[in-house]
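Take a look at the fold below. Keep it in view as you read.

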Amino acid sequence: MGNNKKFVHVAMFSGGAGSAFVANHMVQTYGKENCILFFTNTLWEDEDNYRFMNEVSNYIGLEITERIDGRTPEEVFHDERFLGNARLAKCSEELKVRQTIIFLEDELRNQRDLVPILYFGIGPHEKHRAVNLKEFYTHFPIEPIETRFPLIDLFREDLDAKGIIQEEWGIKLPRMYTIAEQLAENENNENAKIVLKNGIKGFSHANCAGRCVRGGFQHYATLYALWPERYKEQEEMEERFRATFKKDVSILKKNSGSYTMKEFREVMEREGFEKFLFKEDADIPCVCSFS
């Protein structure tokens with residue numbers, strides 16, 4: 001890279017606590033005039049995510065730079081004729097990754113002659129994901145793009161980003177992290193109390209309002225228990241895809257075969273959702289969690 005190039009520091013803002021903390025660190029280190037708070041919108045986000053992101057934006061003094069494909073995940077599935085699942089989520093590729101690459105290559109590099117450096121809110125327990133992201137941004141763009149992971153490289157392992165954001169910044173976290181606690185306490189919701197008793201406070205990540213196609217049995221049992229209307233939306237989405245393309249496909253899998261949201265709901269109605277709260281999902285959250 002030539003010395004005449006100007007660097008720009010880009011926080012990949014997912015709307016979660018880790019990326020919020022990293023964005024603030026980045027701005028404090030390099031100055032907001034040299035930083036971008038970047039968010040790609042799937043149009044499926046929970047309404048409280050936007051509240052959180054706006055409050056973080058105001059706190060760190062940097063406006064959100066948002067890019068939108070314009071399609072929802074369901075529209076991507078229909079365009080690609082492929083229903084997203086735990087192994088392959090085209091929604092992430094199209095709505096998140098593609099929009100990010102266009103922004104980095106076209107807007108920053110070509111139009112503004114800037115060299116982007118990307119910052120991710122991935123913690124020490126997720127080092128393998130940092131390796132994957134570093135590998136991706138080394139080989140996929142036209143020229144390699146540097147990636148940085150301050151939560152791994154700079155801070156102690158027991159850093160409580162969520163606590164700092166709530167207690168020191170005075171910003172409530174997205175409700176999806178603690179929705180079971182909130183429903184149990186504020187609405188005396190019996191399902192939420194059961195979920196809480198099983199050690200689940202909410203969702204592990206706050207993407208797509210709980211409708212992430214990379215979720216497994218525990219994730220969707222939690223969604224069914226806490227937000228049955230959202231489970232129903234996902235079930236109907238899956239049924240529309242199956243009917244349109246006349247394919248026996250599903251988001252969930254059982255015995256290597258399709259297992260529809262409708263089938264899973266009927267089992268939970270007969271046997272209870274509680275037994276599936278113990279069936280811990282494979283630890284493969286969507287790339288949306290970090291981009």
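This is a predicted model: local features need pLDDT of at least 70, side-chain atom pairs count only at pLDDT 80 or more; totals for chains, interfaces and linings use all residues.

Residues are numbered from 1 along each chain as its sequence is written, and side-chain values use heavy atoms, with hydrogens and water left out.

Start at strand β1, residues 6–12. Helices (H or I, at least four residues) and strands (E, at least two) are DSSP runs, numbered from the N terminus. Five of the seven residues in β1 are buried, meaning under 20% relative accessible area with a 1.4 Å probe, protein chains only. Which strands pair with β1? Two strands pair if DSSP finds at least two bridges between them. Strand β4 (residues 114–119) runs parallel to β1, joined by six bridges. Here K6 stands opposite L114. Strand β2 (residues 35–41) is also parallel to β1, over four bridges. There M12 faces F38.

Now find helix α3, residues 73–80. Its buried residues are P73, E74, V76 and F77. They fall within an arc of 160 degrees seen down the axis, so they line one face of α3. The arc is taken from the directions from the helix axis to the C-beta atoms. What covers these residues? The cover includes α4 (90–111) and α11 (228–245). Just after α3, R81 takes a positive phi of about 55 degrees.

Follow α11 next. Helix α10 (residues 217–226) packs against α11 at about 125 degrees, with the axes 5 Å apart. Axes are lines fitted to C-alpha atoms, for helices over the stretch in contact, and angles run from 0 to 180 degrees between N-to-C directions. That makes α10 oblique to α11. Angles under 35 degrees count as roughly parallel, over 145 as roughly antiparallel, 65 to 115 as roughly perpendicular and the rest as oblique. Y220, L223, Y224, A225 and L226 in α10 meet P228, R230, Y231 and Q234 in α11. Contact means heavy atoms within 4.5 Å. By class, this contact has seven nonpolar, one polar and one charged residues. Ala, Val, Leu, Ile, Met, Phe, Trp, Tyr, Cys and Pro count as nonpolar, Asp, Glu, Lys and Arg as charged, and the others, Gly among them, as polar.

Helix α12 (residues 261–271) also meets α11: their axes come within 9 Å and cross at roughly 140 degrees. The two are therefore oblique to each other. Contact residues include E235 and E238 in α11, and K262 and R265 in α12. This contact has four nonpolar, one polar and five charged residues.

Technical notes
Buried means under 20% relative accessible area, exposed over 50%, partly exposed in between (1.4 Å probe, protein chains only).
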